[in-house]
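Subject: Structure handover

Hello,

My notes on it follow below.

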Amino acid sequence: MVAQGFTVDLNKPLVFQVGHLGEKYQEWVHQPIVSIEGPRFFQSDFWEFLTLTKWWAIPVIWLPVVCWSIFQSIRMGHTFPDILLMVAFGILIWSLLEYTLHRFLFHIETKTYWGNTMHYLLHGCHHKHPMDGLRLVFPPAATAVLLIPIWNIVKLLATPSTTPALFGGGLLGYVLYDVTHYYLHHGQPSREVTKNLKKYHLNHHFRIQNKGFGITSSLWDRVFGTFPQTKSAAKNR
């Protein structure tokens with residue numbers, strides 16, 4: 001696609017190209033290319049490797065951290081009902097964070113070189129290549145960096161004994177989010193609930209990209225008025 005005299009070459013590493021699209025970047029990035037194989041991001045093999053993650057790495061790496069965190073609160077005297085409540089609250093807070101990040105950060109409109117470049121790395125690549133199976137989950141190295149300030153925020157707001165379980169609940173929410181997201185793109189759901197969730201998410205990619213920001217549920221879309229209309233409802237207006 002040509003924009004401002006610049007052509008994106010899909011056969012070359014993309015990350016440092018997309019910034020040159022300027023104001024045309026948003027239009028370009030929301031025209032999906034449906035292909036299982038994703039593009040190359042970087043010329044460097046090291047940086048390219050850091051962008052590629054198998055879906056199963058997420059539960060393998062982070063579920064032990066979830067269990068360890070929850071066990072710390074158990075060790076400090078909390079009962080099983082207490083733990084369930086804290087973990088459930090952590091998952092709920094994550095679901096709100098999931099919606100908020102997706103709506104206000106992942107879909108921020110950019111037009112500068114570095115703005116476009118960062119947006120493409122963060123989320124634009126997923127909309128351009130929605131079936132890229134190695135870039136559907138968040139790279140563990142980046143997650144590890146982000147968990148440090150998140151732990152400190154929870155520690156600031158909660159008590160010493162409830163902090164680990166709340167943190168573990170939030171991290172569990174993240175794991176559920178990432179594996180669910182992968183499944184919605186590459187799984188073949190047989191149950192009505194998961195079929196509807198897949199349809200709901202793919203609708204965000206291919207029909208109404210400024211609605212339907214929830215991944216694991218449509219709860220916050222309904223709360224904040226970003227639940228997309230069905231085709232039949234839109235026709236009747």
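**Notes on the model**

N203 sits in helix 8 (residues 192-206); helices (H or I, at least four residues) and strands (E, at least two) are DSSP runs, numbered from the N terminus. N203 is buried, at a relative accessible area of 15%. Buried means under 20% relative accessible area, exposed means over 50%, and partly exposed is in between (1.4 Å probe, protein chains only). Not counting residues up to four places away in sequence, N203 touches I208 and P228. Contact here means heavy atoms within 4.5 Å.

**Ground rules**

This is a predicted model, where local features need pLDDT of at least 70 and side-chain atom pairs count only at pLDDT 80 or more, while totals for chains, interfaces and linings use all residues. Residues are numbered from 1 along each chain as its sequence is written, and side-chain values use heavy atoms, with hydrogens and water left out.

**Confidence**

pLDDT is the predictor's confidence in each residue, from 0 to 100. The chain average is 92. At least 70 is reached by 95% of the residues. Residues 232-237 are another matter: pLDDT stays under 50 there. For that stretch the model has two contacts beyond four places in sequence.

**Salt bridges**

The structure holds three salt bridges. The criterion is a side-chain nitrogen of Lys or Arg within 4 Å of a carboxyl oxygen of Asp or Glu. As background, side chains of opposite charge can pair when their charged atoms come close.

D45 counts as exposed, at 59% relative accessibility. R40 is partly exposed, with a relative accessible area of 33%.

Another bridge pairs R135 with E48, with 2.7 Å between the closest N and O atoms. R135 lies in the loop between helix 5 and helix 6 (140-157), and E48 lies in helix 2 (residues 45-50), so this pair ties together parts that are 87 residues apart in sequence. R135 is buried, with a relative accessible area of 11%. E48 is buried too, with a value of 7%.

R135 also bridges to D132, where the closest N and O atoms are 2.9 Å apart. Both R135 and D132 are buried. Through shared partners, the salt bridges join E48, D132 and R135 into one network.

**Nonpolar patch**

Which residues make the nonpolar surface patch? They are F89, L92, I93, L219, V223 and F224, and the patch is about 530 Å². Patches are made of residues with over 30% relative accessible area and no salt bridge; like charges are joined within 9 Å, and nonpolar side chains (Val, Leu, Ile, Met, Phe, Trp, Tyr) within 5 Å. Accessible areas come from the Shrake-Rupley method with a 1.4 Å probe, and for residues only the protein chains shown count as cover.

Helix 4 (80-105) and helix 9 (219-224) each supply at least two residues of the patch. I93 belongs to helix 4. I93 is partly exposed, with a relative accessible area of 42%.

**Two more sites**

I108 is in the loop between helix 4 and helix 5 (113-128). I108 is partly exposed, with a relative accessible area of 41%. Leaving aside neighbours within four places in sequence, I108 is in contact with Q26 and H119. From I108 to H123 is 15 residues in sequence and 9.8 Å in space, C-alpha to C-alpha.

T163 is in helix 7 (residues 163-186). Is T163 buried or exposed? T163 is buried, with a relative accessible area of 2%. Neighbours within four places in sequence aside, T163 contacts W151, V154, K155 and A158.

**Record annotations**

UniProt (unreviewed entry) lists residues 49-71, 83-101 and 136-154 under "transmembrane region". UniProt positions are in the numbering used here, feature names are shortened, and annotations may be inferred rather than shown by experiment.

In the model, residues 49-71 are 74% helix and 0% strand, with the end C-alpha atoms 33 Å apart. Residues 83-101 are 100% helix and 0% strand, and their end C-alpha atoms lie 27 Å apart.

The unreviewed UniProt entry also gives "domain: Fatty acid hydroxylase" for residues 88-226. Over that span the chain is 70% helix and 0% strand. The end C-alpha atoms of residues 88-226 are 24 Å apart.

Best regards
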